[in-house]
Each structure stands twice: as C-alpha cells, then as structure tokens.
Amino acid sequence: MWGKNNMDCIVSQSIFLPLLLLLFISSCARGHIPVLGVQRRAFQSTPQQSDGLATFYYKQPLDHFNYQPQSSVTFDQRYIIDFKYWEGINPKTPIFAYLGAESDIDNDVPYVGFPLRFASQYKAMSVYLEHRFYGKSIPFGSLEKAMKNGSIRGYFNSAQALADYAELLLHIKKMFAYDTSPIIVMGASYGGMLASWFRLKYPHIALGALASSAPILYFDNITPQDGYYSIVSKSFKETSKTCHDTIRRSWGEIDRIAGKTQGGLSILSKQFKTCGKLKTSSEIKNLMDNVFTMAAQYNDPYENPVRGICVAIDEEAKKKSNVIKQVVAGVIAYLGERPCYDVYEFGYPNDPLNQYGWQVCSEMVMPIGSSGRDKNSMFPPSPFRFNDFKTMCKDLYGVTPRPHWITTFYGGQDIKLVLHRFGSNIIFSNGLKDPYSSGGVLHNISQTIVAITTPKGSHCLDIASEREDDPDWLITQRKSEMDIVDGWISKYQADLLLFNQSVGATH
C-alpha cells in the first residue's frame with residue numbers, strides 16, 4: 001500500500017520512453033518559433049533507472065474558474081511518483097514535484113534527475129505531474145476531439161494547468177504526507193515558467209520553486225525580439241568565424257539558386273537530399289534554421305553540437321566546396337547520415353493538432369525574430385510581425401493572440417521592482433549559451449529570489465540527470481541550487497517549530 005489509502009489506481013510501475021516530440025509552430029517570422037523543452041534528442045541522453053515508479057490518475061475538473069454545466073466535467077490527469085527513496089509518511093519530509101510542460105511526462109521522468117537527487121537526500125518521494133492536453137492527460141481521451149473542438153480547447157491554458165497542479169498537489173499531500181509537509185516545485189523551460197508562476201500564485205502550497213531555463217521575460221517586448229537569434233549567432237561565431245560566415249552567406253545563395261527559372265528548387269532538393277521535392281526555398285531554410293537553433297540551444301558540453309556542425313562546415317570549406325555543400329555538411333553532421341532528409345524533421349506547419357502551437361497562438365505569444373538590427377547575426381532579416389502572426393493564428397485556430405495577457409496575469413514588466421518585496425523563494429537558473437536565456441532572469445531580485453547563471457550552460461542542463469563526465473562548473477551550479485533549497489526547508493521547519501510552540505503556549 002503506497003499511502004494513507006488506495007483511492008488512486010496504480011496503473012503501472014514501469015515507464016517506457018518514446019522519442020521526444022519536438023514541438024514547433026509555423027509563424028510568419030522565419031517559419032517557426034524555437035522549440036521549448038527539456039532536451040534535444042531523448043535517445044542521445046542516458047536515462048536514470050528507478051524501480052520505484054508508480055503511475056496514478058486523478059479526476060481533474062475541466063474548468064477550475066467557472067460554474068457552467070461543462071465546468072463539472074472531469075478528465076484523467078496522469079502523475080507519476082518515484083518512491084525509490086521514500087521512507088514513509090513523515091511530517092518533516094518534503095515533497096519534490098516536477099511540473100510537466102509541453103510534452104508527454106514519459107519523456108521527462110527518465111531524464112530529469114534533479115528531483116531524485118533531493119529525494120535521496122531527504123528520503124522523500126519525487127512527483128511528476130503531466131500538463132493537461134499532453135500525453136495521457138487529454139480531456140475526453142482524444143487529442144483530435146480536444147484540439148478541434150473550440151469549446152474544449154478553450155480550457156487549455158496555463159492558468160488552468162496551474163490550478164490542476166494546485167489541486168493535485170494537495171491531493172498527493174493528503175494521500176502521502178502531512179498538512180505541514182513542505183512542497184518544492186521544479187520545472188524546466190516552459191515548465192520552469194510554470195514553476196515560478198506557481199510559487200507566485202500558490203505560495204500557500206509551494207514553499208519554493210526552481211525554474212530552470214525559464215524565459216519569463218520574453219513576452220510583451222520586455223526582451224528585444226533579436227535576443228534569441230543573437231545568442232545563436234554568437235555561439236557559432238565563437239566556435240568558428242568561418243563557419244558563422246558560411247552560414248550567413250548560405251541564405252542568399254539558396255535564394256539565388258531557387259530563383260533560377262530552370263529547376264532551381266530541384267537543384268536544391270538534390271543538394272540537400274530532401275525526401276520530397278521542395279515546393280519553396282523556405283522549406284529548406286526552415287530546416288536549416290531549426291538545425292542551427294537547436295544545436296545552439298542544446299549545446300551541452302558532452303556532444304557540443306555547434307562544434308560538430310562547424311567542424312563539418314569548415315572541413316568542407318578546406319576542400320574548396322561551394323557554400324551549399326558546406327552547409328549541407330553541417331546539417332548532416334547534426335542529423336546524421338541518412339538516405340534522405342525530411343524538411344519537416346521538426347514538425348509540420350499549420351497543424352491544428354499541435355498543442356503548443358495553440359498555446360503560442362492564444363497566450364504564450366513570444367515575439368522572437370531577426371529584425372536585421374544585429375549586424376553580427378548569421379540569419380537574414382525576418383522580423384516578428386504581430387499582425388501577420390495574428391492572421392495565421394486566426395486561420396489555424398480561430399483565435400486572436402493576446403500578447404499582453406501573460407504579463408497582465410503573471411507580471412514581468414519592472415520585475416525587480418515588483419518582486420523585490422512581493423515574492424520569495426524562487427531560483428532562476430540559466431545557461432548563458434542557451435538562446436532563451438536572453439529572456440530569462442539573470443540577476444538577483446532579492447535575497448530569496450535569486451539568479452544562478454553559468455557561462456557554458458545550455459538549455460535545462462542543470463535539471464538533467466548527473467553524469468560521470470559532468471564538468472566542475474555544472475556540479476557547482478547544482479550544489480548551489482541544492483544549498484538554497486536546503487535553506488528554504490530548514491527555515492520553514494524552524495518557523496514551524498516556533499509557530500507550534502507559540503500556539504501551544506496560548507492554550
């Protein structure tokens with residue numbers, strides 16, 4: 001028996017990991033908004049093994065905020081608990097909860113190692129919560145039914161997801177802990193945003209939050225739209241200026257070849273070994289854009305994909321190959337040798353079943369583009385234009401994006417001034433090689449809302465499982481984060497003791 005009673009149904013104690021679905025949405029800027037997510041390729045990481053996993057489902061209300069007939073409808077929300085280190089119900093034992101984001105939670109459990117590290121230290125459980133409308137937590141059990149029905153899809157937003165987590169964490173606490181057991185929430189990328197917002201919205205439930213690679217300032221023009229692509233370009237230029245310059249020249253060469261009246265697109269298809277005939281040159285440029293941005297975003301110290309791309313490009317340059325052959329070599333270095341290459345490797349544009357596409361088109365409006373003002377950019381000008389973006393979202397989902405809603409509901413403008421006295425107990429961690437760090441909190445806001453940055457870090461690297469070849473700076477970063485969380489828990493336990501003593505003295 002796992003808890004105080006067996007109200008939940010344990011479905012399985014083993015987790016099978018499908019390949020990580022890289023989500024993207026076609027936009028009018030360059031063809032995609034860079035993917036959020038914990039990892040680049042699931043099969044390139046080493047999963048942590050645990051024999052203590054148990055899967056549960058909780059009947060979650062479709063709507064937490066209204067009292068209409070459909071509000072009482074429920075769906076099964078999945079959560080997974082790792083009991084590996086848990087030593088039973090103890091009033092001093094914390095709960096460490098990982099907030100799922102824009103993917104199946106199965107993708108995260110084997111690779112997100114930080115919650116287990118805390119669980120080991122505190123003899124606690126680690127909990128992984130799946131985001132509504134993802135994985136097996138889809139209302140009515142059908143993605144097509146949920147995403148194509150505007151009435152159902154309207155309940156798919158971050159506020160409802162946070163309310164799910166609030167209700168579910170209280171349920172888990174009731175089942176497996178004491179009322180006074182502290183909860184620490186963690187998240188990465190979009191999940192990191194959710195973790196920080198959860199601490200601000202539900203401080204009575206979460207004692208603190210670790211927000212890894214959370215670009216909470218990439219909304220409402222707080223961050224310049226060029227921020228993301230500027231860091232991508234910087235990473236390539238620091239790795240190899242000749243590689244950077246080759247990529248920079250390649251866009252114009254692609255346009256030149258595509259503009260030929262006699263089979264320009266066929267020439268490009270042959271050179272890039274595409275699986276199908278190109279309809280426009282933008283298809284191949286979108287593939288290249290995805291390859292270069294993903295390599296920079298997940299430029300970890302183990303594989304260093306930016307270096308791999310640039311080595312291939314520079315080696316081809318030594319052979320006096322043309323620019324196209326050079327960038328093709330870079331793409332192959334990243335994707336691997338294949339008979340052919342799918343230009344939609346990273347997702348299909350204008351897919352109404354793309355869940356994160358809906359989120360981007362409704363509330364998660366992150367104006368990322370290349371305005372042309374950054375003279376060191378290796379990308380051609382392709383600015384984010386809201387009116388074009390709005391038209392695309394109306395056509396795809398029938399919704400008008402709300403570019404100011406995130407900052408209205410969660411804040412972000414003048415964040416240091418606002419949170420200096422209001423918030424507490426949040427860690428914002430960012431690797432500065434991560435392009436999304438341009439929209440992250442990079443400086444301490446107060447003594448208890450702190451920023452931890454690493455110059456060589458990449459997207460969500462700190463929250464991944466430990467490896468024997470972890471660099472010293474990453475080990476130090478994780479220790480700093482753990483020390484801060486330890487401090488929160490120690491102070492909470494001391495405050496709780498004093499509170500109980502004062503209550504006892506009055507009776």
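In this predicted model, the side chain of Ser 371 makes a polar contact with the side chain of Asp 226 at 2.5 Å. Ser 371 lies in the loop between helix 12 (355-362) and helix 13 (386-397).

**Ser 371**
- The relative accessible area of Ser 371 is 18%, so the residue counts as buried, the cut-off being under 20%.
- With neighbours within four places in sequence left aside, Ser 371 is in contact with Gln 225, Asp 226, Pro 381 and Pro 383.

**Helix 6**
- Helix 6 covers residues 227-239, 13 residues in total, and spans 19 Å from its first C-alpha to its last, close to the expected 18 Å.
- Buried residues of helix 6 include Tyr 228, Tyr 229, Ile 231, Val 232 and Phe 236.
- Helix 7 (241-258), helix 9 (281-297) and helix 10 (305-318) are what the buried residues of helix 6 pack against.

**Strand 7**
- In strand 7 (residues 426-431), 6 of 6 residues are buried.
- Ile 426, Phe 428 and Asn 430 point one way from strand 7, while Ile 427, Ser 429 and Gly 431 point the other way.
- Strand 7 pairs with strand 6 (residues 208-212) in the parallel sense over 4 bridges, and Leu 210 stands opposite Ile 427 of strand 7.
- Strand 7 also runs parallel to strand 8 (residues 449-454), joined by 6 bridges, with Phe 428 opposite Ala 451 of strand 8.

How values were computed:
Residues numbered from 1 in each chain as written. Predicted model: local features only at pLDDT ≥ 70, side-chain atom pairs only at ≥ 80, totals over all residues. Heavy atoms only, no water. Helix = DSSP H or I, 4+ residues; strand = E, 2+ residues; numbered from the N terminus. Expected span 1.5 Å × (residues − 1). Buried < 20%, exposed > 50% of the residue type's maximum accessible area, 1.4 Å probe, protein only. Contact = heavy atoms within 4.5 Å. Pairing = 2+ DSSP bridges. Polar contact = N/O pair within 3.5 Å; in protein donor to acceptor, adjacent residues only side chain to side chain.
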